[in-house]
Amino acid sequence: MISTGVGAGLLVMLCWGCSDFMLSIPIRKIGTLKSMLARNIMTIILTIPVAVYLFSADRMSVTLPGFFIILTSSFLFTLAYYFFMRGFEIGSLSVVSPIGGAYSAVTVFLALVFLGESLSAMKLIAIVLMISGILFTSTDIAKIKNIRSQKGIKEALLAMIGFGVSMFILGFVSKQMDSLTLFVYVTFTQAPFFIMLSLLKGGTLSRRDLNFKLSLILVIQPIIVNFGWFFYIYGISQDLVSVVTPISSLLPGVTVILALIFYKEKLVNNQKLGILGILAGVYLISI
């Protein structure tokens with residue numbers, strides 16, 4: 001039977017993989033910064049009723065250290081995303097994407113060292129397979145040449161570390177707070193950072209940027225991505241951070257498959273191998 005953490009991680013993977021694919025539509029039309037701005041404004045709007053309900057039920061209490069941890073996690077996540085975007089601007093997608101997407105390796109290492117988590121040999125093998133699968137699925141290895149001379153490597157590494165540390169930090173408060181309450185605090189600290197980043201980088205929206213289709217996507221996509229965040233928070237509150245995070249980080253596999261179906265993109269051999277590695281890892285970690 002699949003454990004709670006594995007099940008939650010798979011739901012996160014599906015939510016974030018589908019939401020990333022959906023976000024690619026407005027990104028291609030109005031750009032990353034404007035899409036980020038619209039998504040996070042909508043995220044706050046959608047989360048306000050949840051916050052009002054929790055406040056009325058007296059479930060919004062948080063300790064000062066706990067709030068500081070959440071704020072730090074959200075800041076690091078936003079900073080990592082900035083470096084990730086910067087890497088795409090100056091470097092190659094085929095280099096930056098797999099490096100940044102390997103953040104779960106950082107989270108797993110930190111969880112094993114500082115949270116005292118332990119994994120069986122089978123789960124370690126499964127995690128190695130999944131992380132390797134992410135790397136293979138996210139890129140065309142044939143296009144990576146002279147990696148030391150590639151631009152964007154520094155930014156991709158900073159993104160990987162930032163994402164990994166951010167996810168790890170949440171593990172400290174996930175066992176101490178109600179999952180829904182923690183989700184609201186994560187949203188209300190993370191979304192403003194993203195909005196400020198968008199505005200500072202010139203990502204202002206105008207009425208002519210949006211049509212009905214894009215507006216609908218920018219409503220549905222935040223719902224899906226935030227369901228993913230809730231499942232992640234719930235998963236790490238019930239199971240090991242070092243188990244949930246690698247599974248949740250398999251989202252590139254979902255995005256690649258959706259791009260294959262809807263954008264008619266073709267898979268190279270190493271991407272096919274990566275998907276097989278991901279499937280094998282998920283199977284091993286769930287038995």
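Helix α3 (residues 64-90) contributes the largest share of the lining of the largest cavity, four residues in number, in this model, which is predicted rather than determined by experiment. The complete set of residues that line this cavity consists of Leu33, Tyr82, Met85, Arg86, Glu89 and Lys201, and by class they divide into three nonpolar and three charged residues, with no polar residue among them. The volume of the largest cavity is about 40 Å³, and a search of the whole structure finds one cavity of 30 Å³ or more.

Leu33, which belongs to the lining of the largest cavity, is also one of the residues touched by Ser198, together with Met36, Leu37 and Gly203, when residues up to four places away in sequence are not counted. Ser198 itself is found in helix α8, which spans residues 179-200. Because its relative accessible area is 0%, and thus under 20%, Ser198 is classed as buried.

In terms of class, the lining of the second largest pocket comprises eight nonpolar and two polar residues, and no charged residue is present, whereas the lining of the largest cavity has three charged residues.

Key: Residues numbered from 1 in each chain as written. Predicted model: local features only at pLDDT ≥ 70, side-chain atom pairs only at ≥ 80, totals over all residues. Heavy atoms only, no water. Helix = DSSP H or I, 4+ residues; strand = E, 2+ residues; numbered from the N terminus. Buried < 20%, exposed > 50% of the residue type's maximum accessible area, 1.4 Å probe, protein only. Contact = heavy atoms within 4.5 Å. 1 Å grid on protein atoms, 1.4 Å probe; cavity = no way out; pocket = protein on both sides within 12 Å on 5 of 7 lines; lining within 4 Å. Points joined across faces, edges and corners; volume = space filled by probe spheres on them. Nonpolar A, V, L, I, M, F, W, Y, C, P; charged D, E, K, R; others polar.
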